[in-house]
Amino acid sequence: MVKAVVAAQSADNTQRWREAFQRAWPEAQFHAWAGRGSPSLDAPYAIVWRPPAELFLHETALKAVFNLGAGVDSLLQMPELPPSLPVVRLEDAGMAAQMTEYVVYGLVRASRGFDRYEAAQGNARWRQLPAICRDDWPVGVMGMGAMGAEVARVVARLGYPVAGWSRSARRMAGVENHVGQAGLAAFLSRTRVLVNLLPLTPDTENILNYRNLSRLLAGGYLINVARGQHLVEDDLLTLLDEGRIAGAMLDVFRSEPLPSDHPFWHRRDVIVTPHVAAITLQSAAVAQVVGKIRDLERGVAVSGVVDRDSGY
Ligand code: NAP
Ligand code: GLV
């Protein structure tokens, strides 16, 4: 009988996930991680989100670990994670649509001047802004994977000029393609609204820095929905103060929860949301993971296996 150990951030969460997996696949055995004091389950599969490190020291028969999120940065940073253990991440699983809504909201709010209408309403002021020209708002999407590709597709469909930046060439109708370090400067210098959907890896950490952000077109706007460690926060604050960046919508931060004294909270040119751009949907995630475990049990290879060398 197929056996899996489930470990999420808290005991309550772990229980909720375990029950959902058990309901979806009653013939399999899903166990909640009970700590290193209990006997090892010898489970071949672990299903985790920010698990305790001891899990990997205790459960030594693992054949694969499933991450209940798209980003695997925190899991890969655990020294206890065996180097050759396959890590499988969530692929979309209902997150790309949420991510697209979030980005479209930020983009349209900035381009159509809804922030200005909010301010005008505060003063009971009736003031119509002229119609915008979307060509004045070129969007650049960093990372053209499960999330970025869908964001780029929808934003292009809305009529904004869109370019994507990725490690390898990614062709998509209506979306300009820029590749690798060699393509970065040209990508940034044609972009006004920059959307970050890169995985956090040694190559992408701090990529949203003064040098790169100052390459954006005048009136530049940043939407960071990937990881806080991509952004050098002081560099963004300097660029906002200098007027070289007009505003930012930030969902992720170097320190989460964002400390209450952080300057981002109190700026009118920054929108802060608490890491909710795309929330893991339990039913979609369970269906995807169960489908992949069934495939592995039948000897069928699965997609979404992380390349441990590139870190995503
Ligand atoms: P993905 O499918 O793995 O796509 C990653 C993309 O980034 C690929 O297009 C890849 O290029 C590109 N890339 C990676 N390293 C690069 C580099 N050094 N230079 C240029 N391009 C690079 O990832 P995803 O599922 O779209 O998720 C992206 C990230 O979103 C996650 O890692 C996570 O951090 C974040 N996320 C945030 C939330 C939230 O609520 N805020 C929710 C879900 C996910 P190739 O195409 O050439 O491989
Ligand atoms: C959330 O941030 C994820 O990586 O799924």
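**Close-up 1. Helix α1 against helix α10 in the predicted model**. In this predicted model, helix α1, formed by residues 11-24, and helix α10, formed by residues 282-297, have axes that come within 10 Å of each other and cross at roughly 60°. The two helices, α1 and α10, are therefore oblique to each other, and the crossing in which α1 passes α10 is right-handed.

**Close-up 2. The residues that join α1 to α10**. From α1, the residues Arg16, Trp17, Ala20, Phe21, Arg23 and Ala24 take part in the contact, and they meet Gln282, Ala285, Val286, Val289, Val290 and Arg294 of α10.

**Close-up 3. Helix α4 packed with helix α6**. Helix α4, which spans residues 95-111, packs with helix α6, which spans residues 146-157, at an angle of about 50°, and their axes lie 9 Å apart. This angle makes α4 oblique to α6, and α4 passes α6 in a crossing that is right-handed.

**Close-up 4. The residues that join α4 to α6**. On the α4 side the contact includes Met95, Ala96, Met99, Thr100, Val103, Val104 and Leu107, while on the α6 side Ala146, Met147, Glu150, Val151, Val154 and Val155 meet them. The residues of this contact between α4 and α6 divide into 11 nonpolar, 1 polar and 1 charged.

Key: Residues numbered from 1 in each chain as written. Chains lettered and ligands numbered in written order. Predicted model: local features only at pLDDT ≥ 70, side-chain atom pairs only at ≥ 80, totals over all residues. Heavy atoms only, no water. Axes fitted to C-alpha atoms, helices over the stretch in contact; angles between N-to-C directions. Helix = DSSP H or I, 4+ residues; strand = E, 2+ residues; numbered from the N terminus. Parallel < 35°, antiparallel > 145°, perpendicular 65-115°, else oblique. Left-handed = near helix turned anticlockwise from the far one by under 90°. Contact = heavy atoms within 4.5 Å. Nonpolar A, V, L, I, M, F, W, Y, C, P; charged D, E, K, R; others polar.
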